[in-house]
Amino acid sequence: MIHQYQLNGYNIVLDTCSGSIHVVDEVAYALIAGYKEKPEEQLVRETLAAYGHLDGVNEAEIRACLVDIRQLEREGKLFSEDTFEPLASQFKEKNQDVIKAMCLHVAHTCNLNCSYCFASQGKYHGERALMSYEVGCRALDFLIEHSGSRRNLEVDFFGGEPLMNWEGVKQLVAYAREQEKLHNKRFRFTLTTNGMLIDDDVIDFCNREMNNVVLSLDGRKEIHDRLRVDYAGNGSYDRIVPKFQKFVAVRGDKEYYMRGTFTHANPDFTKDVFHMADLGFDRLSMEPVVCAPDDPAALTDEDIKIVLEQYEILAKEMLRRKKEGRPFIFYHYMLDLTGGPCIYKRLSGCGSGTEYVAVTPWGDLYPCHQFVGEESYKLGDIWKGITNESCREDFRSCNVYARPECRDCWARLYCSGGCAANAYHATGSIKGIYRQGCELFKKRIECAIMLQIAEKDL
Amino acid sequence: MERIKTIETRNLCESAKNGGCGECQTSCGVANQQCEKAKD
């Protein structure tokens with residue numbers, strides 16, 4: 001299977017199953033498009049009629065190009081077959097009970113009152129609560145006990161607003177550091193925060209201990225303050241931006257990223273991305289809101305058309321700024337073409353409900369942070385372990401081939417079947433298809449590949 | 001005349017031979033990840 005598209009002056013051909021990427025001229029583009037559909041003589045005749053007026057295009061050249069296409073096909077770099085289906089369940093079967101990553105909900109409460117929050121202002125449709133030290137330690141022990149031979153373990157401090165349980169976070173990091181020596185493990189910590197409680201202690205500690213910090217900012221002041229307000233209704237932009245700038249200035253080369261959400265109010269979200277870049281932030285992410293279609297924040301079909309154009313605008317502006325010596329990273333455009341994930345990872349997806357779980361302040365286990373509060377998706381708890389085996393089996397069987405629509409999708413080995421939570425919230429099933437998400441994802445991958453090509457200046 | 005330029009990518013069929021070690025970071029997408037072994 002191949003995917004052909006034209007973007008920013010490039011004719012691009014992606015071979016889905018080998019991962020090969022080809023940049024071609026218009027003659028090769030036309031020949032590849034008709035290669036499997038038309039008899040060779042007809043293809044040569046039609047291509048000559050369409051492009052024979054161009055310099056260097058004659059019948060011999062067209063036939064020579066067909067030889068090159070055939071050679072690429074023989075090498076498995078064009079029209080390669082999908083032979084991966086038998087591997088799809090192997091990765092999760094091999095690692096059947098291994099858990100290596102955990103989202104610790106240290107605070108089911110928040111000091112902001114954002115109407116679009118998937119976690120219902122941090123409470124996840126339940127009671128306000130902070131995770132105790134005892135529950136946190138037991139959760140970390142549970143992770144170590146279930147990590148098998150995995151050395152790298154990941155813990156995300158999440159909420160709500162995790163800084164509302166800041167002393168708890170620091171104590172749990174100290175406990176984990178003791179345990180990792182005893183068990184030959186390596187913890188990687190991350191923290192997601194709205195920034196309201198950042199102070200020098202938070203900055204110093206995070207820059208020492210957190211491998212990554214996710215800082216929530218929606219971009220322009222009028223956009224950010226529209227939805228990210230405190231309980232008195234006051235916007236938070238002026239209070240958090242100076243803190244974020246100070247945080248990032250002393251973070252050095254450690255990872256961070258600004259994470260915004262765009263809604264019906266700003267489908268022209270690139271203005272918010274560029275605003276954040278102009279504030280001095282250079283690792284950026286802006287995500288489409290996921291909510292009920294009748295929510296005022298929901299993106300409409302008209303919005304989606306704008307958003308698709310915006311992704312192209314973003315890619316072109318990134319190239320321009322890079323040439324000017326002021327580059328920034330957009331998370332969805334990061335592609336490592338030679339060191340990316342192996343086929344097993346690409347087939348099996350994010351690992352929610354299998355190797356990744358979320359833990360509530362009470363020690364209950366869920367497949368991921370976006371399922372917390374959905375009682376039917378409760379997997380068990382950190383004392384008894386996973387008791388809802390049918391739910392876990394449902395997640396274990398989630399892979400690229402679990403949805404008929406994905407089998408015919410050129411992007412399947414990049415999206416790995418997509419986000420189970422988004423599918424569930426959009427369709428009621430974790431194996432449903434969140435079509436809006438698919439459309440946006442495919443455009444992002446097209447742009448990301450184009451950026452790779454442009455940076456190699458082919 | 002060179003009409004097709006192929007850029008260097010990791011061949012997905014080749015990567016299948018490694019069996020998947022599971023040490024890479026969890027994702028929330030897979031496409032943007034790096035292989036832990038490739039990083040080393």
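**Helix packing, chain contact and local geometry in a predicted model**

A:W166, A:K170, A:V173 and A:R177 of helix 6 of chain A meet A:D201, A:V202, A:F205, A:C206 and A:E209 of helix 7 of chain A. Contact means heavy atoms within 4.5 Å. Helices (H or I, at least four residues) and strands (E, at least two) are DSSP runs, numbered from the N terminus. The model is predicted: local features need pLDDT of at least 70, side-chain atom pairs count only at pLDDT 80 or more, and totals for chains, interfaces and linings use all residues. Residues are numbered from 1 along each chain as its sequence is written, chains are lettered from A and ligands numbered from 1 in the order in which they are written, and side-chain values use heavy atoms, with hydrogens and water left out.

Helix 6 of chain A and helix 7 (residues 200–209) of chain A pack at about 25°, and their axes are 12 Å apart. Helix 6 of chain A is therefore roughly parallel to helix 7 of chain A. Axes are lines fitted to C-alpha atoms, for helices over the stretch in contact, and angles run from 0 to 180 degrees between N-to-C directions. Angles under 35 degrees count as roughly parallel, over 145 as roughly antiparallel, 65 to 115 as roughly perpendicular and the rest as oblique. The crossing of helix 6 and helix 7 of chain A is left-handed. A crossing is left-handed if the near helix is turned anticlockwise from the far one by less than a right angle, and right-handed if clockwise. The residues of this contact between helix 6 and helix 7 of chain A divide into five nonpolar, no polar and four charged. Here Ala, Val, Leu, Ile, Met, Phe, Trp, Tyr, Cys and Pro count as nonpolar, Asp, Glu, Lys and Arg as charged, and the others, Gly among them, as polar.

Helix 11 (residues 301–323) and helix 17 (residues 435–456) of chain A pack at an angle of about 20°, with axes 10 Å apart. These two helices of chain A are therefore roughly parallel to each other. Their crossing is right-handed. Among the residues in contact are A:I304, A:V307 and A:L308 of helix 11, and A:L440, A:C447 and A:M450 of helix 17. By class, the contact of helix 11 with helix 17 of chain A holds 12 nonpolar, one polar and six charged residues.

Helix 1 (residues 26–34) and helix 2 (residues 40–51) of chain A cross at roughly 150°, and their axes come within 10 Å. Helix 1 and helix 2 of chain A are therefore roughly antiparallel to each other. The crossing is right-handed. Helix 1 contributes A:E26, A:V27, A:A30, A:L31 and A:G34, while helix 2 contributes A:L43, A:T47 and A:Y51. Five of these residues are nonpolar, two are polar and one is charged.

The contact between the chains takes 61 residues from chain A and 33 residues from chain B. About 4,000 Å² is buried between chain A and chain B, with 55% given by carbon and sulfur atoms. Buried area is the accessible area (1.4 Å probe) that two parts lose on being put together, summed over both. Two salt bridges are counted between chain A and chain B. A salt bridge is a side-chain nitrogen of Lys or Arg within 4 Å of a carboxyl oxygen of Asp or Glu. B:R3 pairs in this way with A:D25, their closest N and O atoms being 2.5 Å apart.

Over all chains, the whole structure holds 38 salt bridges. One of them joins A:R63 to A:E59, with the closest N and O atoms 2.9 Å apart. A:R63 and A:E59 are four residues apart in helix 3 (residues 59–74) of chain A, so about one helical turn separates them.

Several loop residues of chain A were also examined. The peptide bond from A:G159 to A:G160 is cis, with omega near 10°. A:G160 is found in the loop between strand 7 (152–158) and helix 6 (166–183) of chain A. A:N184 lies in the loop between helix 6 and strand 8 (186–193) of chain A. A:N184 is not a glycine, yet has a positive phi of about 55°.
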